[in-house]
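Please read the following report with the structure open beside you, and find each part in the picture as it is named.

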Amino acid sequence: MPPVIRPPSIRADQLSRRHALQLLAGGAASLATGCSEPDKNSVAQGDRTELPYVHMPEGLLPGVPQHYATALPLAGYGRGVIVTAFEGRPTKVEGNPRHPASLGATDVFAQAEVLSLYDPDRSQAIRAAGEISDWPAFASAFRARLQEHGVDKGGGLRVLTGRIASPTLLEQMAKLQKALPDLRWHVYEPTQGAEGEAARAVYGVALRLRPRLSDADTLIVFDADPLGPGPDQVANGRALADRRRRDRASARLYAAESALTLTGAFADRRITAHPDAIEAMIAALAAELGASIARPQLSSGAGEFLAAAARDLKARPDRALVLVGPSLSPTSRALGLWINDRLDGPVDAFAPDDRAPQAGTIAALADALRGGDVRTLVVLDSNPAATAPGDLGFADLMARASFRVHAGLYFDETAAASTWHAPTPHPLESWSDIASPDGAVSLVQPLIRPLWPSWSAHAILAPMAGEPDQSDYERLRAAWRGRWGTDGFEARWRKALVDGVVEDRAPEPVSRPRATLPNWTVPAPAPGFAVVFAPDPSVFDGRFANNAWLQECPQPFSKAVWGNAIEMAASDAGRLDIREGDEVEIVAEERRLSGPVRLANGLAPGVLRITLGYGRTRAGRIGNGLGINAAILRASASPWITRGAALRRVSGDGRLSPAVAGLYALPGEARKLAPELAPGAALPPPAPKPSFNTPTPTPPGDPYAWAMSIDTDACIGCNACVVACQSENNVPSVGPDQIRMGRDMHWLRIDVYDHGDGQAPRPVFQPVPCMHCETAPCEPVCPVEASVHDHEGLNVQVYNRCVGTRFCESNCPYKVRRFNFFGYADGQEYGDLGDPLVKAVNNPNVSVRARGVMEKCTYCVQRISAARRLAERETRLIAEGEVVTACQGACPTQAIRFGNLADPKSTVSVLRHDPRHYTLLEELHTRPRTTYLARVRNAGPGGSKA
Amino acid sequence: MAQLFHPYADTALRVALLGIVVSPAFLVAGGYALTRSPYVTGQTLVSPQPVPFSHEHHVGFDGLDCRYCHFGAENSRWAGLPPTEVCMTCHSQLFPHAEVLEPVRESLTKDRPIAWTRVHALPDYVYFDHSIHVAKGVGCTTCHGEVERMPLTRQATPMTMGWCLDCHRNPAPYLRAPDQVFVTAWAPPPDQKQEGLKLMRHYEIDTTHLMDCSVCHR
């Protein structure tokens, strides 16, 4: 197909006669060239070369995918995954059921890692002062430098890393510290909370406290977001959903928050409050439970909320938990721990990991740089130049060290500010090990040989500590042989690799001392705005900024893509005469940040929220120049909140990033689209309507009738299903300009409906894949029979028949069909997604759709087909649970179930008789195969208003 | 006034009028014939190969089983081409210096694959699976022809969608007993009609779903 130049957007008032004639001629020319010969590169027509192996890799059969267990890091912690590879080419990430931080599911970031692996913008070479160099040159320069430091025991040498949870890397770090006692190690993790200090304040000793969410009847979160993006998201989501399934009536989640979070959306009762008010609520709750502190004055809404929460807490104190978020003051966090201790709720305490040397903070490093104490700075897998709190001015300070080494996946902002840069391998290319937040250790094994020469953190630290030069594999095996001994080592090693998690490594909880009540005084309210920060649900802290799947993954509530914004409450905007999309500037002390305003629901007046990770200048061709960098406004002393900020309007044009949809309000009748129930209540059965049309039953005899059931009470809105679908089904990313034209291609979207109002939202997430209607409205309108039904109830789209009339799309009441206006996946890709390397991410079992065809969710027909072929080869029926769709596999809370409706005992059949079962737009008689379970809101007495 | 047209102009006009009516039919028929012709389907065409591999020799004379080289046939979508080391299992002993085998030896010494030319190439949007066909009693030679009589391999069948569907609609005439699938000299027995129906029941083949688009395309 010849490349087509994208026409400029046309508006009637801009169209001149000349322009119209140009377009006419262009149209005629493209019509004439449109009927060209088929692509010479396609196998059917041109290149018929076939290359067999010379030596067959053991255990590989071409065409049969292989699965390997490994772990992917997020903020330094590991999440166990099982990666699918076709002929040595990783294409899909699934969760590892044996891993405690995965339990078979993944988050959105793990799903997108395969695209990052094949990112052509990854750093591909060692660079000296920005110029391409090589390893020997770097090694000799580095060694010479280290020898200088060796003389003075490492004085003036500093290492900055992200959080390290790799036992072997920690061991190397300890060795390094021993070899160079004056070396200082600093850790900066942009999304790190402040768990440690609060525990010290309350218990007097350092403890790692982990709540057991699955055992909590009453959970109260104060500006905390356990369901938000992070290494704990999957495990927390599963724990809370499991708790709800066990007994919905006794599970109640209260959320008091300054900005709407995924936890707030999941809550049974939520209140929007300013952080100052939330701190007062925590103090009042502590006073209620017997703390000898002055009970602060609360507003009537907060008082009611707190009274209800306290009533539930006292009813079953041993099954109650309070979580206090990192943006609140250290005393409030300490008070939260004291409350938990008082309640004796389900919290485990763990001794801190003492194998690792003590690490300093980035603020200490900045001080040392400023004081001229740092001559050599080594930055491993961290990007402080873009992510460090703005008050440190870290990017400028770095130049104070004369020798700066950066090792990372990208030639990023920090690399540009360094004298040497070395590329590190992607986690899917490396040997390593890593612990999950709860301490379960996994081995990290490569799925593919490194695409470019690269050096891992292990390889960079080794020469520093004077360790022998060996491969990561040998080093890792040696480290584990040291831990396990040589007896039966091979068997244990093999088992750990196969299971994806090392046995007996999860630490045991320890008993904790009695908590002491921290001193609490009424915080003085600061004038001006409080700016709160949150990890971005798409790019996290910026490390995924160059991943197009994540950039195009809609934010949970605003549905914005390709950028962030300054989120603001509508009441504040009205007061200051600011409209959505205006450019404003926030000034906090010396720090200034300007960006577009987006009005957000559920945001407390006086609070602004900005997600981290945007405003990157050296992310790559996908992520450069999108959004604004919230880190500029952060302060190292209180990284999650900046108080006393001033705001002024700059201009009326703020380059607001596009959004694919909005938050739908649900007035009156529309409430049946996403109903909300009290626990134990049932939806009214649909009233039979008089009709001459006798409903046609599902044709009997066929052994399979595929169907899906989605529990909106378990959906946390994490988007993992959206990107899982994209990864499994070769769904293209289209870029921000196409999104502005409403041309997003996601086969599965998550609608969010609001049962409340802008100030007190009560959102319900509703994932919407194709409904696979039994009487599908898209089918009769297709003139070429490209939209047809198969015998198992799938509404299938035949790409080769489709001529692109888009009649089906107009006639689909659920709006789940997506049209390839351009060759989004096939010749006209966005950004660098057309690079030949990126094609390696495609699933070979799914067609890559061409320009001009309609596409939509297929219920992962390739997985159904694979299961059917396997079952038929063994002359049996497909068993329940054998077909797992991509969205279902990724879902942390098991909200999505898929199965055979023809089997009355299957989960989907059983769920059809659930009192919460409902069908979307049932009155249209489309008879969808995808149905829903209603959201339950266990608001409790007096809670229906909030 | 002189005549403007010769008398044969009438005939020419009649022929032209007839042509207007008839030629579309010819065009359609011609197009149909073309798409089914070996020129388009590749049937009977022999492609040049780096090594003039003879199935006639290896299968017909030596009696090698199909699966010795095409070992994916029972478990994978692809029957697979043999890796060089499989060729060299025998040819390190047999004809170790033959000139025609030079590309094979070179492949092994230089660790570079032999670049064969595909004989059977289905379009990318067809998800054909060898394993299920083999498991359900479709023999190799049913689609690949009498390879034991092919000195150079050619595509024996048209491999068009219509040809696939002929069998998907009614597989009975082509089915074999499980032990006959890899027999290259298999010919339908005289009672294939009853035998085929019996085998359909034995393999539990249900043709209702076999005509669905989603069986081969996704």
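How many of the five residues of E24(A) are buried? Strand E24 (residues 607-611) of chain A is mostly covered, with five of its five residues buried. Val607(A), Arg609(A) and Thr611(A) point one way from the strand, whereas Leu608(A) and Ile610(A) point the other way, and all are buried.

## A sheet of seven strands

Another part of chain A holds an open sheet of seven strands, arranged in the order E6-E5-E17-E16-E15-E7-E8, with mixed pairing. Its edge strands are strand E6 (131-132) and strand E8 (184-187) of chain A, each of which pairs on one side only. Inside this order, strand E7 (residues 157-161) and strand E15 (residues 376-380) of chain A pair in the parallel sense over five bridges, and Leu160(A) stands opposite Val379(A) in E15(A).

Which helix lies across strands of this sheet? Helix H3 (residues 135-151) of chain A lies across E5, E7, E15, E16 and E17 of chain A, and it runs at about 120° to E17(A).

## Phe403 in strand E16

Phe403(A) has its place in strand E16 of chain A.

Leaving aside its neighbours within four places in sequence, Phe403(A) is in contact with Arg145(A), Arg375(A), Thr376(A) and Thr419(A). The C-alpha atoms of Phe403(A) and Val374(A) are separated by 9.2 Å, although these two residues are 29 residues apart along the chain.

## A sheet of three strands

Chain A also has an open sheet of three strands in the order E2-E3-E4, in which the pairing is antiparallel. Strand E2 (66-74) and strand E4 (89-95) of chain A are the edge strands, each pairing on one side only, and the twist averages 40° from one strand to the next.

Strand E3 (residues 77-86) of chain A pairs with E4(A) in the antiparallel sense over six bridges, and Ala85(A) has Pro90(A) in E4(A) as its bridge partner. Helix H2 (residues 108-117) of chain A lies across E2, E3 and E4 of chain A, running at about 170° to E4(A).

## Helix H10

Helix H10 of chain A covers residues 330-343, and at 1.5 Å a residue its 14 residues should span 20 Å; its end C-alpha atoms are 20 Å apart, which agrees with that expectation. The helix is mostly covered, since eleven of its 14 residues are buried, among them Ser332(A), Arg333(A), Trp338(A) and Leu343(A). Just after H10(A), Asp344(A) takes a positive phi of about 60°.

## Where the two chains meet

In the model, 37 residues of chain A are in contact with 39 residues of chain B. Strand E1 (49-50) and helix H23 (861-873) of chain A are the elements that give two or more residues to the side of chain A that touches chain B, and H23(A) gives the most, with six residues. The residues of this side divide into 17 nonpolar, twelve polar and eight charged.

E1(A) is joined by two bridges to strand E1 (residues 116-117) of chain B, and the two strands run antiparallel. Here Thr49(A) stands opposite Thr117(B) in E1(B).

## Confidence in the prediction

The model scores ipTM 0.90 and pTM 0.91. Chain A has a mean pLDDT of 89, and 93% of its residues reach 70 or more. Over residues 38-45 of chain A, however, the pLDDT is below 50, and this stretch has 13 contacts in the model beyond near neighbours in sequence. Where pLDDT is low, predicted coordinates should not be read in detail.

Chain B averages a pLDDT of 92, and 100% of the residues score at least 70. Within chain B, confidence is lowest in helix H2 (residues 38-41), at a mean of 83, and highest in helix H7 (residues 130-135), at 95.

Note on methods:
Residues numbered from 1 in each chain as written. Chains lettered and ligands numbered in written order. Predicted model: local features only at pLDDT ≥ 70, side-chain atom pairs only at ≥ 80, totals over all residues. Helix = DSSP H or I, 4+ residues; strand = E, 2+ residues; numbered from the N terminus. Expected span 1.5 Å × (residues − 1). Buried ≥ 20, exposed ≤ 12 C-beta atoms within 10 Å, placed from the backbone. Pairing = 2+ DSSP bridges. Contact = placed C-beta atoms within 7 Å. Axes fitted to C-alpha atoms, helices over the stretch in contact; angles between N-to-C directions. pLDDT = per-residue confidence, 0-100. Nonpolar A, V, L, I, M, F, W, Y, C, P; charged D, E, K, R; others polar.
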